[in-house]
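Here are a few notes to read alongside the model. Have a look at it first, then go through the points in order.

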Amino acid sequence: MMKPSLDTLGQLVADKRGRDGVRATAAKIGISPATLSRVENGHLPDLENFQRICRWLKVDPALVLGFNADAGSRPRAAVHFRKKQTMKRETATALADLILAAQRALMARDEL
């Protein structure tokens, strides 16, 4: 299994779905077939569907978001962007990187 991340989420879903139909798999997950198709094509789901997909994949959402599972009670910042026609993927990625860098800086400060 490849390393879970936002970039690999669609491929992880497609790999697990295998030859099963989109409609049947979407019903198992509890999401719409259109959402499942969009995720497999690289789009990010909303938070509720993200949680359902991670549960179905049996993957900790924190790992997909790039957090250490042992972060425990440390401050956590996460970002999620819905697909909008006005926001390019590069922009969303840059904003996510900025927020995650801020989180790492906060965690490093707290470890001193």
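**Notes on the fold**

1. Let's start with T35, which sits in helix 3 (helices are DSSP runs of H or I, at least four residues, numbered from the N terminus). T35 is buried, at 10% relative accessible area, because buried means under 20% with a 1.4 Å probe, protein chains only.

2. A word on ground rules. This is a predicted model, so local features need pLDDT of at least 70 and side-chain atom pairs count only at pLDDT 80 or more, while totals for chains, interfaces and linings use all residues. Residues are numbered from 1 along each chain as its sequence is written, and side-chain values use heavy atoms, leaving out hydrogens and water.

3. Now the largest nonpolar core, with 15 residues (buried Ala, Val, Leu, Ile, Met, Phe, Trp, Tyr and Cys joined through side-chain atoms within 4.5 Å). L9, V13, I29, I31, L36, I53 and L57 touch the most other members. Helices 1, 2, 3 and 4 each give two or more residues to this core, and helix 4 has the largest share, five residues.

4. What does I31 contact, leaving aside neighbours within four places in sequence? I31 is in contact with A26, L36, N49, R52 and I53 (heavy atoms within 4.5 Å).

5. Finally, check V59, in the loop between helix 4 and helix 5. V59 is buried too, at 8% relative accessibility. V59 and P4 are 55 residues apart in sequence, but 7.6 Å apart C-alpha to C-alpha.

Note on methods
Buried means under 20% relative accessible area, exposed over 50%, partly exposed in between (1.4 Å probe, protein chains only).
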